[in-house]
Amino acid sequence: MQIETRPLTGQDYDELVVTMKRAYPQMSEYVWSRKSIEKLTRIFPKGQICITVDGKLAAVALSIIVNYDEFGDDHTYSDITGNYTFNTHTSTGNVLYGIEVFVDPEFRELRLGRRLYDARKELCELLNLRSIILGGRIPNYHKHSELSPREYIRRVRDKEIYDPVLSFQLSNNFLPIRVLKKYLPEDESSKENAVLLQWNNIYYSKKPNTMQDSIIRLGLVQWQMRHFKDIDAFYEQVEFFVDVMGDYKADFVLFPELFNTPLLAPFNKLSERDSMIELAKLTEEIKMKISDLAISYNVNIISGSMPVFENNDLYNVSYLLHRDGRIDEYRKIHITPNEKKYYGMKGGSEIRVFDTDCGKIGLVICYDVEFPELPRILADQGMKILFVPYLTDTQNAYMRVRHCAAARAIENECYVAIAGCVGNLPGVNNMDIQFGQAAVFTPSDFAFPSNAIKGEATPNTEMTLIVDVDLNLLKDLHHHGSVQVMKDRRKDLYETYLK
């Protein structure tokens with residue numbers, strides 16, 4: 001499945017009509033005219049957003065910028081849109097006004113509406129607008145018309161009543177301001193009522209704002225090893241963490257190396273290698289399930305690592321599951337003596353960075369980070385964040401990974417995020433104890449923490465670590481740092497390169 005969020009164009013019009021009629025079957029005679037869509041995409045192309053699923057138009061959000069003080073909190077849909085001419089749009093306005101959102105019912109389980117709202121919020125911040133305001137329909141109100149609109153809103157807010165529009169908007173942190181009477185006369189389901197809703201941009205400044213997409217939020221899972229009664233219980237625990245990270249607007253979620261090994265328990269009577277081969281049979285299913293979560297919760301997921309059995313060889317593989325549905329993989333290159341002895345694992349042979357919607361990232365697994373040549377090659381390819389899922393049994397094993405990861409951040413002018421498993425797993429051969437402490441390391445210079453640690457978790461405790469990193473600081477370090485490691489290498493004497 002491939003999901004893409006992009007600007008809507010006039011060429012999407014025919015698909016837009018079909019999708020809108022499917023989304024609003026009770027109002028199918030009310031569709032946007034081609035002239036309206038062409039004007040919106042011409043006067044404010046960034047504000048017209050669509051999502052496609054495998055190339056098919058699945059969701060649309062339309063908006064304009066207005067000087068909100070000219071309208072105030074008592075207006076109709078016709079007022080705010082200039083009687084559908086959109087002459088009220090102005091690039092010097094202070095509010096992003098949402099005039100339409102709809103999702104094809106076929107794709108509603110993918111949470112595309114949430115993705116559209118997130119895109120609007122990002123646009124509001126980038127354009128330095130004060131807030132997003134919209135008049136939200138209450139399509140289930142006709143089922144409770146004995147209630148006043150105010151009482152209906154209260155009950156929806158208290159989750160006593162479900163409204164497909166208002167419940168969704170409240171869950172996306174929009175606050176109800178007031179009821180708008182006769183907002184949209186043709187909306188019989190809402191009895192012509194709407195709820196004025198607002199989301200405030202906390203980054204808004206009356207001064208020109210130069211904010212760009214340089215702040216990346218990392219979510220690290222310090223995973224407690226535990227027995228699961230079945231694979232559904234395992235999925236439930238994975239989704240719990242993804243859901244939490246999604247709520248905190250993380251751009252990436254990092255799980256530990258071999259975090260699915262509690263599922264080895266049913267195969268414990270087999271040899272270590274044979275049991276790992278049995279576990280590998282679940283990897284494809286787990287990969288696709290977590291890919292669905294990445295899409296649904298709009299977050300890129302590094303799925304720790306899992307075993308893959310291919311051509312009679314076992315590999316230790318990490319998957320990068322993009323929130324747009326793409327899937328990349330990395331195979332651990334450096335295999336530990338333990339992995340060779342018990343599982344007969346084989347090392348991968350591909351080194352490359354991955355392009356994401358947050359820039360170029362690198363991915364290595366545990367022991368790999370102890371070989372400085374590998375992250376250096378990734379840094380030369382433009383890597384800004386290195387993710388290291390690991391699994392270590394003892395504290396000294398963990399310290400090897402930790403110290404090497406911290407060194408890689410300094411010598412490659414990048415951020416390094418590490419996450420591992422914690423606790424004990426009795427009854428699973430060769431997986432009985434773990435020691436871990438998730439952390440994010442930075443270069444060591446004035447713009448970064450004095451100890452070069454952006455954040456770290458409590459050792460050996462199941463928890464999450466959520467950290468913001470600024471890519472602009474890396475750029476400044478490269479050009480103006482106290483030391484400039486990437487520039488000052490003696491390439492006349494030595495160089496690291498791929499064969």
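These legends describe close-up views of one predicted protein model.

Residues are numbered from 1 along each chain as its sequence is written. Local features need pLDDT of at least 70, side-chain atom pairs count only at pLDDT 80 or more, and totals for chains, interfaces and linings use all residues, while side-chain values use heavy atoms, with hydrogens and water left out.

View 1. Helices (H or I, at least four residues) and strands (E, at least two) are DSSP runs, numbered from the N terminus. The C-alpha trace spans about 75 × 55 × 40 Å along its principal axes. Of the 499 residues, 54% count as buried. Buried means under 20% relative accessible area, exposed over 50%, and partly exposed in between (1.4 Å probe, protein chains only). Among contacts with a separation of 6 or more, 71% come from residues 24 or more positions apart. A contact means heavy atoms within 4.5 Å. The protein exposes about 22,500 Å², and carbon and sulfur atoms supply 49% of this area. Accessible areas come from the Shrake-Rupley method with a 1.4 Å probe; for residues, only the protein chains shown count as cover.

**View 2. Helix α8 covers residues 272–280.** Its buried residues are S275, M276, I277, L279 and A280. They pack against two helices, α9 (283–296) and α10 (337–343). They also pack against strands β11 (306–310) and β12 (313–321). In an α-helix there are 3.6 residues a turn, so residues three or four places apart point the same way.

**View 3. Y77 and Y84 form a tilted ring pair.** The structure holds 23 aromatic pairs. In this one the ring centres are 5.6 Å apart and the planes meet at 55°, so the pair is tilted. Rings of Phe, Tyr and Trp (its six-membered ring) pair if their centres lie within 6.5 Å; planes under 30 degrees apart count as stacked, over 60 as edge-to-face and the rest as tilted. Y77 is buried, at 7% relative accessible area. Y84 is partly exposed, at 33%.

**View 4. Y141 and Y152 form an edge-to-face pair.** Their ring centres lie 5.2 Å apart, with the planes at 65°. Y141 sits in the loop between β5 (131–136) and α5 (149–157), and Y152 sits in helix α5. The two tyrosines are 11 residues apart. Y141 is buried, with 5% relative accessible area. Y152 is also buried, at 0%.

**View 5. Ring pairs build an aromatic cluster.** Its members are W223, F228, F234, Y235, F240, F241, F255 and F259.

**View 6. Two arginines sit over tyrosine rings.** The charged end of R120 lies 5.7 Å from the ring centre of Y117. R331 lies over the face of Y315, 4.6 Å from the ring centre. A charge sits over a ring if NZ of Lys or CZ of Arg is within 6 Å of the ring centre and within 35 degrees of the ring normal.

**View 7. C414 and C421 are buried cysteines.** The structure holds 0 disulfides. A disulfide is a pair of cysteine sulfur atoms within 2.5 Å. The closest cysteine sulfur to that of C414 is in C404, 13 Å away, too far for a bond. For C421 the closest is in C366, at 10 Å, again too far. C414 has 0% relative accessibility. The relative accessible area of C421 is 0%.
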